[in-house]
Amino acid sequence: MRHTIKVAAVMSAAALALAACGDSGGTSSGGGSTSSAGAKKTIKVGMAYDVGGRGDQSFNDSAAAGLDKAKSELGVEVKEAAAVNGENEAAREERLQQLVDAGYTHIVAVGFAYAKSVGKAAKDNPDAHFAIVDDASADSKGPNVDQITFAENEGSFIVGAAAALKSKAGNIGFVGGVNTPLIKKFEAGYVAGAKAVNKDIKIQIKYLTQPPDFSGFADPAKGKTAAEGMYQSGADVVYHAAGGSGGGVFTAAKAANAMAIGVDSDQALTAPADVKDVIITSMIKKVDVGVFDFIKSATEGKELSGNKVYDLKSGGVDYSTTGGKIDDIKAKLDDYKKQIIDGKITVPTTP
Amino acid sequence: MRTFQPRRILLSVAAPVLALLVAFVITSLILWAVGDPVAEVWKTLLGAPRPRQVVNIVNSASVLYLSAIAVAVGFRMNLFNIGVDGQYRVAAFAGALFAGQAWLPGPLNVLLTLVVAMVAGGLWASIAAWLKVRRGVSEVISTIMLNAIATGLVQWLLLKVSSQEKGSNAIGTKLIPESSRLDGFALIPNASNRVYTLVLLAILVGVAYWFVLGKTRFGFDLRATGRSESAAVASGVKVPRMVMTAMIASGALAGLVGMPLLFGQDYQYGTTFQAGLGFAGIGIALLGRNNAIGIAFASLLWAYLDQQSNGLQIRAGVAPELVNIIQGVILFAVVIAYELIRRADLRLEQNRVARELAAQSPSTPATQGASA
């Protein structure tokens, strides 16, 4: 029996290898080679998403929006590829390299997980141009790398102030998707903003998962449970920085007849119709603008490189007013915004 | 090994060929059903990998191999160590933490880190082993729970010890010193990357696994316990001790899983360290039928599919998760095919024996029995 198994295993691999050989003859020209590339000076944009890809209702989608805009307004050719859960560093490098090999001149990597691979790919392909979202470390630094980062803490400060101003109970909540430094930055700004309004406010904080479990960004059931707990313990406003899990936070807010704050995009516009009215504002992080800037600039012959921080001042982060739920406190929020822009308030980046 | 039997070999070939064929057909049907380009997908998946991709396949296979061997040690005595996933992460963290301190120079640091990782993995597995021996807790349940605990524990500790680089959103342990990083071998011509040095570790572990389980008294006891616990007890095997030893050995081997990654690629344990290797190991151990050589081929097949899936979106416009479907179908098909072949083999053997007996003089009583 064991003999059988041994031979079987050998053969299964051999069978696959044979199949591979048999097919490769016809593949040689189909390997993604592009004959039109380089004919004229047009740019082709390859986009490497983080886990979740397009449709995650979070920053991947926001990046996709920037890509879509570039495609329709600038007419650039685009290609998208997403990371899969549990892949290693080599897989990320390979994805970027394959995009370069397939003739894409400008590669956008979404998410800090790509930091090292962008650094390496940029070095290996000095003629290609890269952009990375959410990383400004030395790992990804290079003369052909545009590091797009955001002052999430500043935007979160404003919605924290909004939460405190709107809360009647003096009790608010924060739901973070995954306990990472990036999401901690949201928390830090939110807490600082709320405390600026009401020093004694009670703030409940919960993270849905711990890395390397990144399901906290895509699990509405977990978001719902966490938010329900907060509303039951007296909170009346909950801010989420939990990507797709945020849908659950809105559902919980609806059931508790309370308020919620969205993240990344203006969720009062994008959320399902039945929960839209609980979203008083959203902390907007304009990943799309960062991506679009990179592509647009490139089509104009100016390649971006180095770290660009999209903050309140540059409009890279902001708060939304859709639905008119915070019109009464808008003056106060704009005052905070001005103080941050003027440097009178420095928002912490860690809690 | 008995005499050369063409039928047996033919049947052995039939199982995997059947399984791969089934996987091919089912995947094609799925692609066709959802309207994806079937031909493009197979072109991408079965296209010859480039040199650097071959390196990636070998590297990735070495890691998967270690994981599968760790699982297989348990499987051989009917212990389902689902906890390899947690064990390797605890161990990789402990190893990275230790290596990062650079208490020892270059290669010594590497060697001792391997020991630290094995001890960490073994200790973590010993919790499940102790629970099983002393409290009768199923190792399936306890190791799954311990995986979740490992995730929380490692993350908590990581937050305590990690240093965050300026401008980075990733966290990790201290980078291991340059002198302890392993450059790897330039095995594949024209490849821009190198094969992990610790591929050697995978080979060494494979040989040790084959030798200890196949050629030693301990290995015999272990396999005997797996086949029939009561028979093992009757022949004087101390089963609780075997459970303890096998589980801890499985955990210690799991401790090595992250080492090629640590010394050959990541140089630290952090948020982007590869996850889910333990679960991949379970599938690969099944596919390789717990055999040192079989697992090697299964790991290569797995790594090949993973590697080729990367280009799916770029070249064929299909989500790379398709490869998960293919891998799942292969596993199912292989398990079923092996069983079908086993039965066919048994039937043919019985027929043969019956024929031979019938050919002999009717006066001879059939006392020998079939040697299937």
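1. Axes here are lines fitted to C-alpha atoms, for helices over the stretch in contact, and angles run from 0 to 180 degrees between N-to-C directions. Helices (H or I, at least four residues) and strands (E, at least two) are DSSP runs, numbered from the N terminus. Helix 8 (residues 217-227) and helix 10 (residues 239-254) of chain B have axes that come within 11 Å and cross at roughly 105 degrees. The two helices of chain B, helix 8 and helix 10, are therefore roughly perpendicular (65 to 115 degrees; under 35 is roughly parallel, over 145 roughly antiparallel, the rest oblique).

2. On provenance: this is a predicted model, where local features need pLDDT of at least 70, side-chain atom pairs count only at pLDDT 80 or more, and totals for chains, interfaces and linings use all residues. Residues are numbered from 1 along each chain as its sequence is written, while chains are lettered from A and ligands numbered from 1 in the order in which they are written.

3. Which residues make the contact between helix 8 and helix 10 of chain B? Helix 8 of chain B supplies Asp221(B), Leu222(B) and Thr225(B); helix 10 of chain B supplies Val239(B), Met242(B) and Ala246(B). Contact means C-beta atoms, placed from the backbone, within 7 Å. The residues divide into four nonpolar, one polar and one charged (nonpolar: Ala, Val, Leu, Ile, Met, Phe, Trp, Tyr, Cys and Pro; charged: Asp, Glu, Lys and Arg; polar: the others, Gly among them).

4. Met247(B) sits in helix 10 of chain B. Met247(B) counts as buried because it has 29 C-beta neighbours inside 10 Å. The cut-off for buried is 20 or more other C-beta atoms within 10 Å; exposed is 12 or fewer, partly exposed in between, with C-beta atoms placed from the backbone. Lys132(B) is 115 residues from Met247(B) in sequence, yet 9.9 Å away, C-alpha to C-alpha.

5. Chain A next. Chain A has 11 helices and 12 strands. Of its 351 residues, 58% are buried. Among contacts in chain A with a separation of 6 or more, 68% join residues 24 or more positions apart.

6. An open sheet of six strands in chain A has the order 7-6-8-9-10-12, with mixed pairing. Strands pair if DSSP finds at least two bridges between them. Strand 7 (202-209) and strand 12 (317-319) of chain A are at the edges with a single partner each, so one side of each has no neighbour in the sheet. Neighbouring strands are turned by 15 degrees on average, direction ignored. Strand 10 (residues 279-285) and strand 12 of chain A run antiparallel, joined by three bridges. Met283(A) has Tyr319(A) as its bridge partner in strand 12 of chain A.

7. Helix 6 (residues 181-197) of chain A lies across strands 6, 7 and 8 of chain A, at about 170 degrees to strand 6 of chain A. Helix 8 (residues 246-255) of chain A lies across strands 6, 8, 9 and 10 of chain A, at about 165 degrees to strand 9 of chain A.

8. Is helix 8 of chain A enclosed or open? Eight of its 10 residues are buried, so helix 8 of chain A is largely enclosed by the rest of the structure. The buried residues include Val249(A) and Phe250(A). Their packing partners in chain A include helix 7 (220-232) and strand 8. Just after helix 8 of chain A, Asn257(A) takes a positive phi of about 55 degrees.

Terms used:
Contact = placed C-beta atoms within 7 Å.
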